[in-house]
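Please open the model in your viewer and keep the selection tool at hand. The tour below goes from one selection to the next.

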Amino acid sequence: MRVLKFGGTSVGSVEAIKQTGEIIRSTANEDQIVVVVSAVGGVTNQLIALADQAARRDRAYEESLTKLKVLHAEIYAELTGTEDEGFIDKLFTQLAEMCKGIFLLKELTARTSDYIQSCGERLSSHIIFHYLKGQGVEIQLYDSRDYLITDKNFGHANLLWPVSRERLTTIKKTMSKVSLFPGFVASTEDRETSTLGRGGSDFTASLLANMLGADGLEIWTDVNGLMTADPRLVKQAHLLEHVSYEEALELSHFGAKVLYPPSIQPALDSGIPIWVKNTFDPHGPSTKVTKEWDQEKHLIRGISSIKEIALLTLSGNGMVGIPSFSFRLFKALSESRVNVILITQASSEHSICVGIASADAGMAAEAVSREFETELELRKLDPVAVENDLCILALVGSNMRDQVGVSGRMFNTLGTNGISVKAIAQGSSERNISAVIHQSDLKKALNTLHESFFLSDVKKINLFVVGVGNVGRAFLSQVQKQQRMLIKEFSLDIQVVGIANSRKAHFDEQGMDLNHWQDSLANGQDGNIEGFVDQMKSMNLRNSVFIDITAAKSISEVYQQLLESSISVITPNKIAATREMSKYLALKWATRKYGSQFLFETNVAAGLPVISTLNDLFKSGDKVHAIEAVLSGTLNYLFNNYDGKKPFSTIVKDAKTLGLTEPDPRLDLSGEDVMRKLLILIRESGRKFEMEQIKLIPFLPEACEQADDLEEFYNLLDEHEGHFKGIYEDARAEGAQLRVVASFKNGEAKVGLQKVQKSHPFYYLEGKDNIVLFHTDRYSEQPLVVKGAGAGAEVTASGIFADVLRLVNR
């Protein structure tokens, strides 16, 4: 014998009932079955609502009754091809009379409410019985009220097991091929209609399976079974084919609505296996629930959650060592019918915290304040604190027991994504680790943990890119070309989910097609950096990275709030790292506190590993005494290509066309860009230093430095062509090369144009190359040298890409 239970969606329409009938017929060909049905989808809620309308003397209940009557009559007629012979009319006449009495008395008792709610299952079972009988199915309809007997706790009646078992035993041997029972419905020994409370239809099915000795219980619903997480929030969630009873209970308690924990207890007691199946995909995969489970399966079986949670905290020095406080707290909550979902207490006994439904928070706070009124007046206790807008997140798995590191992995994963944990609880069974977090972080937390525990082989990185000039375009092209390879070879899924220029922005949470990003951006929304940041924060995606590929000060000013939101920042923009020392340190502090990262390798020498090398020296205990460097690929290109034959201004324009200069070349030629780079190296070597401490020896004529715009600047360069030719001729006469050198030694820093002789490593720099010499304790005789191309869109983009990969591996 098998027991099949069909939920509201499985009997929610004519087509759904026909599909349910097919399942019943095919199963009955193989085995004797007991069928339990819920009310037509949504009907129970409508019955509750119309009863409430009547109690409020709202005549709208009459229209609601009429609509429900028409609904059931139409379903009956369409399924059977005939009109009902009177059962539906009779039941709705009784309902109308009962609602009229409620209307007149303005009172709705729990007993009356039970009767009204029971009508949903009584109607659906009547309709399905006549439909299947008309289809030639050998079927018998039983009234659950004759067999499931309860006490008089209306609203959530308690089953009287001995008498119920005795009554069911009397019909077991005479049951037909298909026995149909309405779910949720029961009665008292006085024949007063009662209900089994939330999950009552599942409970009915589980009870019948237990008392009739069924071989299996099948819960038919609109999903294929229990999932590793809520698929509405976690796109990568997948079906759990087999779980233990204990795991199913934990998952069901923490938000998996497929099963209701008390409902499967009778089946658990008898060791009856349970299958969760999809009515609309009857041959598809399903979840099997048994007492045993495969110890070799995943450590974590599922990640579940409960929304709309509040934390109520009772604290104060007067609690320490007093055993009655916990008793009185829970007594007060119990008397107010407040359900406690989670409990945590500090070992100092200074505070105790409980998680409750947000809807109960006000009532709970009042009840606890009344109970401890004296202690609160004497200030032995702090005022009762309530925090709302929270949710509970739970890791579930029987194999967590005695497994070291699960909780550490969980909280490290949450922490690195900036998810603050408000409270923690774990039972001694070690099947569940629960954490209370802000509800706004739920989606990010679920996806982060699901990735960590179920998809640990693939890590997703969500990039938000601002700036699509030469470097930005090169970076997006490099990402596009490497995406498939990174997933296949390194299990790294890098997606660009946000992109912006100075006018438009486009977002795609699943990741945009980088073959067509220009079209997406062109059709994007108007916006500014503030709006872009707000959207990025509201998306609240795991492993979010902000990439600033601009030279804009306004954009660098948002780094602090991003880092404090646990969004990492990668940028070639030098402004943030060269502002006042206090602001630079604030950025560094934010990364430590909020688990974010601030990476700016491309601030110095484009894609060369200069800063990372310096960081390695510093962290490993080496001390930098002096730095010598040629840090501008632009200036190096200019002086390598200027020979007096072409005007200096032409060489500058050529460099700009090649993408070797800043958008405004004056920044390069002024020496300010080199100063910023030197300042970054000094700071990254562990020293506090400001821009004003660097001495600049300019090589531009003063008139050129005063130019109002770029066109005037070029004109002034032409006017002072003799100045540049003279510098070049002087160096040539000495057999030297011109280099803009940045140096730091003995606490002094300077930047200026120098004549470099053949004996110096800087002499042979070609094209746009950069070179950095680090003189340290370990490299005292010969400096550590980093040399290579230090300018250009492709190499800068590759440096940004390298920072993304570096961030992933940290």
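Which residue takes a positive phi in the hairpin of β27 and β28? Select the two residues between the strands, and Asn746 is the one with a positive phi, near 55°. This is a predicted model, in which local features need pLDDT of at least 70 and side-chain atom pairs count only at pLDDT 80 or more, while totals for chains, interfaces and linings use all residues. Residues are numbered from 1 along each chain as its sequence is written, and side-chain values use heavy atoms, with hydrogens and water left out.

Next, select β27 (residues 737–745) together with β28, two strands that run antiparallel and are joined by nine bridges; Lys745 has Glu748 as its bridge partner in β28. Strands here are DSSP runs of E with at least two residues, helices are runs of H or I with at least four, both numbered from the N terminus, and two strands pair if DSSP finds at least two bridges between them.

(Ala, Val, Leu, Ile, Met, Phe, Trp, Tyr, Cys and Pro count as nonpolar, Asp, Glu, Lys and Arg as charged, and the others, Gly among them, as polar.) On a 1 Å grid over the protein atoms alone, a cavity is a set of points where a 1.4 Å probe fits but cannot get out, a pocket is an open set with protein on both sides within 12 Å along at least five of seven lines, and lining residues have an atom within 4 Å of a point. Points are joined across faces, edges and corners, and a volume is the space filled by probe spheres set on them.

Now select Lys443, Asn447, Glu509, Leu541 and Arg542, which lie nearest the centre of the largest cavity among its 13 lining residues. This cavity holds about 150 Å³, and its lining has two nonpolar, five polar and six charged residues, with α14 giving the most, three residues.

Finally, turn to the second largest pocket, of about 760 Å³, where Val471, Ala551, Thr661, Glu662 and Pro663 are the closest to the centre of the 35 lining residues.
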